[in-house]
Amino acid sequence: MKVRGLLIAALLLAGMAGLVYWSNQAEKAKKNKPNPNAPPKIIDIAKDDIVRLEIDKPGSKAVALRKGDDGNWKLTSPEPLRADQNAVTSLVSSVAKLDSSRLIEKNATNLADYGLTKPQMTVMIGRKKGKALKLLIGDKTPTGANYYAKLTGDPRLFTLDRKSVV
């Protein structure tokens, strides 16, 4: 009789151990998958791939930054000056992994409705390899918390958190 009870307890313990193992494997699989509800990235490139940034706002002089051969950033426009390396590195990191707040349209056609035919700001991102990227930032959304944004060559239209706007 005692052997029978011990055998049942051992089987229950083995079954529970199997359930714990299966549960842990399911959690690991979830961690490796991206969140399907996360807003899409507008730009997702390596920050070391960025070698030039140009920020243009109508009504003011364009600001251009270039990464030198020594790895240091220099201000090239409106006049040549040394750049604050920490500030530029932070800016480059933000631009390299730029998240949207929300996807508005998968295939935006009437950009004038969003202020993107005459954008409030244009950010040109020059890369070591590949084509330069141009980010257009248009009007504020009706709530005023975001701006409309579009990457040229990409048909999608996004909203961008105003804290992300340079």
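Contact here means heavy atoms within 4.5 Å of each other. This is a predicted model, where local features need pLDDT of at least 70, side-chain atom pairs count only at pLDDT 80 or more, and totals for chains, interfaces and linings use all residues. Residues are numbered from 1 along each chain as its sequence is written, and side-chain values use heavy atoms, with hydrogens and water left out.

**A look at Thr122**
- Leaving aside residues up to four places away in sequence, Thr122 touches Glu54, Ile55, Asp56, Lys134, Leu135 and Leu136.
- Thr122 sits in strand 8, which covers residues 121–127.
- With a relative accessible area of 15%, Thr122 is buried (under 20%; exposed is over 50% and partly exposed in between, with a 1.4 Å probe and protein chains only).

**Fold and overall form**
- The chain has two helices and eleven strands, taken as DSSP runs numbered from the N terminus (helices H or I, at least four residues; strands E, at least two).
- From the N terminus, the order of elements is α-β-β-β-β-β-α-β-β-β-β-β-β.
- The radius of gyration is 25 Å, well over the 15 Å that the globule rule gives for 166 residues, so the chain is more spread out than a compact globule. That radius is taken over C-alpha atoms, and the rule is 2.2 Å times the number of residues to the power 0.38.
- Along the principal axes, the C-alpha atoms fill a box of roughly 90 × 45 × 30 Å.

**Burial and contacts across the chain**
- Of the 166 residues, 30% count as buried.
- Among contacts between residues at least 6 apart in sequence, 50% join residues at least 24 apart.
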